[in-house]
Amino acid sequence: MTGSTKNPPRKRKGTGSIQKKENGTYLGRLRIAGYDTFYYTGRSEKEVQKKLNEFRALTERKEIVPRKQTVNTYIQNWLQTVKMPSLKRSSYDRLERTFEKQIRDTQVGRCQLGTLSSKDIQTLLNSYIQTLSYSTIKKVYSLLNDCFRYAVAIRDIPHNPADGVHLPKEENLAVQTKDIQTMPYADLQVLEASIGSVYSTGKLRYRYAAAYILIANTGLRSGEALALTWDMVDLAARTITISQNASRVRIRDGMDRKGSEQIITSTKTRAGTRQIPLNEKALVALKHLRAQQELEHVHTRFVIATSTGKMVVQNSFYQSFQKTQMSLGINPVTVHALRHTFATDLLDRGVDIKIVSQLLGHSSVKITYDTYVHTDISKAFSAVEWLD
C-alpha cells in the first residue's frame, strides 16, 4: 500500500525514532514532555535526524513554546514568581484582580500559550468596549503586555503577541470617564457646622465629621488620613507630614487566600511623601479630634481612631460619611470628592498648579493638569477681553 512503512522504526534514546517508508522517504518522530509530537519527513535518514536534533535544541533553548500550557497557567506562575516579590501587597492585589475579572475566564485565558495571537488579544479588548472604562481596558492590556515581554526575555515565547494590539480610543467607549466630583461650598459649610453636634447624652452625633473637614482642607487621600499618626502632626508649626498610607489587602497563606486586612504601607510614590501646611479650619479639625480622644480617654497614636483607639477601617469611614451627609440633608458625595474640592478650590484661587500638585502628592504635574484643568468658557471670555 502506497505510503505505508517498509521497515520498523529505529529508536534512538532521546533523539526520536526514524522509519523508512515504502516510497523511499524517511519519517521521523520525536516526543518531548509538554510538547506536541514533532514529525518530519525527508529524503534521507541523516536529513531527518538533523531536523529531530534541531527541534530538541530549540526546546532546550526555549525557542519553541510548549503547547500544553495555557495562558492562565503562565500568567498565574508569572504573578506568583515575578510580580508578588516585587510589588506592594496592595499593588499585587490590584494586578491579581485584573487577571481574575477580565482575563481568566476568557478565550485568551484558556488559549494555549504557544498559539495565542495578537488577534486574540485584540478581540478580547474590543469585547470590553461596551462595558469597561478606558483605564480598566488599559490595565488588561498592560498586564498581558508586561507578562509576555517577560516571556520573550526568558525565551519562553519567540515574540510578544501584545505588540500588534491597539487600545481602543477612549471616545469610542460606552463607559466614559466621569467628571471629578466635588462638594458644593454650601454643603461644606453644613458639614463644618456639624463638628460640635452632640446628642442629649453629650455623645458626638457625627464621630468623624472633623476628619472629613481635615481632608477637605489638606487634600489627603482617605488612606493617608486614616494612617496619619500624632507624631506626624506639628500644631505649633502648623504642618503635617505624610509618609504612609492605609490599604486593605488580601491575607495569604502561601497561595491560599484567607480574607483581608487593613495595613499601613509607605505612600504610593516618592512624591506622596510630603509636608502639608495647615489652614485654620484644618487646625480646628485636628484640635477637635485630639479633644475628643482626651474626653473619651482613648489612648492611641492615630489621629482618626475608633472609640477603642484602633485605626478606622476604610469601608466604615466611607459608610459613615454617607450616613452623615444624608442625616445633614446634603447630597452625598464620596470621601475622595473632598480631596477634589481642596484641589479645585486652590486652582480657582489662582494657586500655581505645581504647588497644588506637590500638596496632593502627585508624581507629576501632568496628572494634576489632566485631572483638574478644564477650559471654562467664562474664563476664556475674560482672558480675551483685552483685545476689545
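Modeller: The buried residues of helix H10 are Ala-282, Leu-283, Ala-285, Leu-286, Leu-289, Gln-292 and Gln-293; buried means under 20% relative accessible area, exposed over 50%, and partly exposed in between, with a 1.4 Å probe and protein chains only. This is a predicted model, in which local features need pLDDT of at least 70 and side-chain atom pairs count only at pLDDT 80 or more, while totals for chains, interfaces and linings use all residues. Residues are numbered from 1 along each chain as its sequence is written, and side-chain values use heavy atoms, with hydrogens and water left out.

Helices (H or I, at least four residues) and strands (E, at least two) are DSSP runs, numbered from the N terminus. H10 covers residues 280-295, and its 16 residues reach 22 Å from first C-alpha to last, close to the 22 Å expected at 1.5 Å a residue. That expected span is 1.5 Å times one less than the number of residues. At the start of H10, a side-chain oxygen of Asn-279 comes to within 3.2 Å of the backbone nitrogen of Lys-281. After H10 comes His-297, with a positive phi near 55 degrees.

The buried residues of H10 pack against helix H8 (209-216), strand S5 (233-234) and strand S6 (239-242). S5 and S6 belong to an open sheet of 3 strands, ordered S5-S6-S9, with antiparallel pairing; two strands pair if DSSP finds at least two bridges between them. S5 and S9 stand at the edges with a single partner strand each, so one side of each has no neighbour in the sheet.

S6 and S9 are joined by 4 bridges and run antiparallel. One of the residues involved is Ile-242, whose bridge partner in S9 is Arg-274. In a regular strand the side chains alternate between the two faces of the sheet.

As for the setting, the protein chain has 15 helices and 9 strands, and buried residues make up 41% of its 388 residues.

Technical notes. Contact = heavy atoms within 4.5 Å. Polar contact = N/O pair within 3.5 Å; in protein donor to acceptor, adjacent residues only side chain to side chain.
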